[in-house]
Amino acid sequence: MTAATEPIGDASGAAAAEPDVHTTAGKLADLYRRVEDAVDPGSGVERQRAKGRQTARERIDPLLDPGSFVELDALTRHRSTNFGMDAKRPFGDGVVTGSGTVDGRPVAIFSQDATVFGGALGEVYGEKIVKVMDLAAKIGCPVIGINDGGGARIQEGVVALGLYGDIFIRNVRSSGVIPQISLIMGACAGGAVYSPALTDFTVMVAQTSHMFITGPDIIKTVTGEDVGFEELGGGRTHNTKSGVAHYLASDEADALDYVKELLGYLPSNNLSEPPTYPAPEPTAGSIADGLTDADLELDTIIPDSPNTPYDIREVISRVVDEGEFLEVHELFAPNIVCGYGRIEGRSVGVVANQPTQFAGCLDIDASEKASRFVRTCDAFNIPVVTFVDVPGFLPGTEQEWNGIIRRGAKLIYAYCEATVPKVTVITRKGYGGAYDVMGSKHLGGDINVAWPTAQIAVTGAAGAVSILYRKEMKGLDGDELAAKRAELQQEYEDTLCNPYIAADRGYIDGVIPPSHTRGYVGRALRMLETKREAVPPRKHGNIPL
């Protein structure tokens, strides 16, 4: 079978009469009929489509290269006899599994079928998923799970729960070994949500996909809280509030396209490299000789006032190849931007403070978002390029009481732990501990540079003047106080808020014109291709979770 929605042969001849299975022709006809029954979408298709959803098989074909799908276990059936289950034993047991290729590269895939027992997981269903996950780990290819199921199959009891555990342990053992991507394309409830949560990327579809541990009815019964499916666990909720999902697709086609594009930046496994492409611009000669109009636009992108925001994506798009940047977690913690691009044809992960949101401050959500992204890049040999414009950590009791110390430390841990090439560009503010955290030389940055607009200091001018010159300004008020404060702030900025003290100490490797960034970063990454970094022998570190 080379397409999920097509049988392997014509069973029409066997439909009129029962095939004679004592002959070769009859055996073949019997096979075709069985496979046709397995591929037949069944009676629940119209209900599925009425919800704006495709069937399990219809989702596989547009994701994979045409004709590449090879199905596994199409003829398996459940073994349960409880509650009249022995009277209904459909082929496949509610999940389609197999392998194929995306852009010519192997992937393993499973797609849950909500039209069979509501997509609930039973013993055979779980065994099929476990089998394809083991295959992916064995051959070293990504595994893609299309989730559309209502949790454990009640009729099969604890056996279903056991299979969930078998899936979870494979998620964990494959973590950092092969890319694991989850698509949520319908209901995903109870124990079913934890496998996607253990994978590297989770994609949801607006209005048609939901994730929750307990549904609205149980919540209302237990707590009295009245909440709808979309508000509780819809795609927008998990992309903007919880951070569980990494991308909100407008429809199922958009979700599948995002996954295909994402795979193009990732290696097949942790021992291989991501796909490479020819560099779009010449890489020979000097940086100055290779400047483009887009490069030169960077020289004017930083506003004269340090308090005026600018969109860091405008910087990123001028540094990555062809301006192509695939953002991850775009709607969550927008004060930091994470995503994939290519520089000189090679995949890079980009982490960047976003001055248009909270002035680029780091908070709990931004720290966790960026730390997970850095660790994902490190696991799969993808260099990390960091753009820094951070005035500090977001102050406030809410942040402190919710653990900004412990949770912000995750970002420190991630940068310190990462052994992939790390290149950091300070575009403007690099203040206080946040300067350290954002890929600084002190945390293992390989190449660190700054623009002449960079301000690297313990704190900003306003805060510093209030502390340093408290006595001098005591007794002043009105215009006199404002004038004195402005004078002292200007003196502080001229003295300390520049990149040259850090350059003098070797904390940055150079101060470069913004227009030279693309060429400089490209050459740095080329130089770092052979980087080798030894780490102390240990079972694993103890990241502050």
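Tutor: Start with one scale: a residue is buried under 20% relative accessible area, exposed over 50% and partly exposed in between, with a 1.4 Å probe and protein chains only. The model is predicted: local features need pLDDT of at least 70, side-chain atom pairs need 80 or more, and totals for chains, interfaces and linings use all residues. Numbering starts from 1 along each chain as its sequence is written, and side-chain values use heavy atoms, leaving out hydrogens and water.

Now to the salt bridges. There are 26 of them in the structure. Each one is a side-chain nitrogen of Lys or Arg within 4 Å of a carboxyl oxygen of Asp or Glu. The places below are given by helices (H or I, at least four residues) and strands (E, at least two), which are DSSP runs numbered from the N terminus.

Take Arg153 and Asp93 to begin. Their closest N and O atoms are 3.0 Å apart. This pair links distant parts of the chain, 60 residues apart. Arg153 sits in the loop between β4 (143-149) and α6 (158-174). Asp93 sits in the loop between β1 (70-72) and β2 (95-102).

Next come Arg318 and Glu297. Here the closest N and O atoms are 2.8 Å apart in the salt bridge. Arg318 belongs to helix α13 (residues 312-319) and Glu297 to helix α12 (residues 293-297), so their bridge ties together parts that are 21 residues apart in sequence. Glu297 has a relative accessible area of 39%, so it is partly exposed.

With a relative accessible area of 17%, Lys531 is buried. Salt bridges can also share partners: Asp30, Arg33 and Arg34 are joined that way into one network.

Leu28 has its place in helix α2 (residues 24-39). Its relative accessibility is 41%, so Leu28 counts as partly exposed.

Turn to the backbone angle phi. Most residues other than glycine have a negative phi. Gln207 has a positive one, near 75°, and is not a glycine. Look for Gln207 in the loop between β6 (201-205) and β7 (210-212). Gln207 is exposed because its relative accessible area is 59%. Phe358 is no glycine either, yet its phi is positive, about 50°. Phe358 lies in the loop between β11 and α14. At 49% relative accessibility, Phe358 is partly exposed.

Leu271 is another loop residue, found between α11 (252-263) and α12. Its relative accessible area is 78%, so Leu271 is exposed. From Leu271 to Cys497 is 226 residues along the chain, and their C-alpha atoms are separated by 43 Å.

Finish with the pockets. On a 1 Å grid over the protein atoms alone, a pocket is an open set of points where a 1.4 Å probe fits, with protein on both sides within 12 Å along at least five of seven lines; lining residues have an atom within 4 Å of a point. A volume is the space filled by probe spheres set on the points, which are joined across faces, edges and corners.

The largest pocket holds about 1,000 Å³ of space. It has 29 lining residues, and Ala197, Arg372, Arg375, Thr376 and Leu545 are the closest to its centre. Which elements supply at least two residues each to this lining? They are α7 (194-198), α14 (364-379) and α16 (404-417). The largest share is that of α14, with nine residues.

The second largest pocket has a volume of about 670 Å³. Its lining is made of 30 residues. Nearest its centre lie Glu273, Asn381, Pro383, Pro421 and Glu529. β11 (346-353), α14 and α22 (517-527) each give two or more residues to the lining of this pocket.
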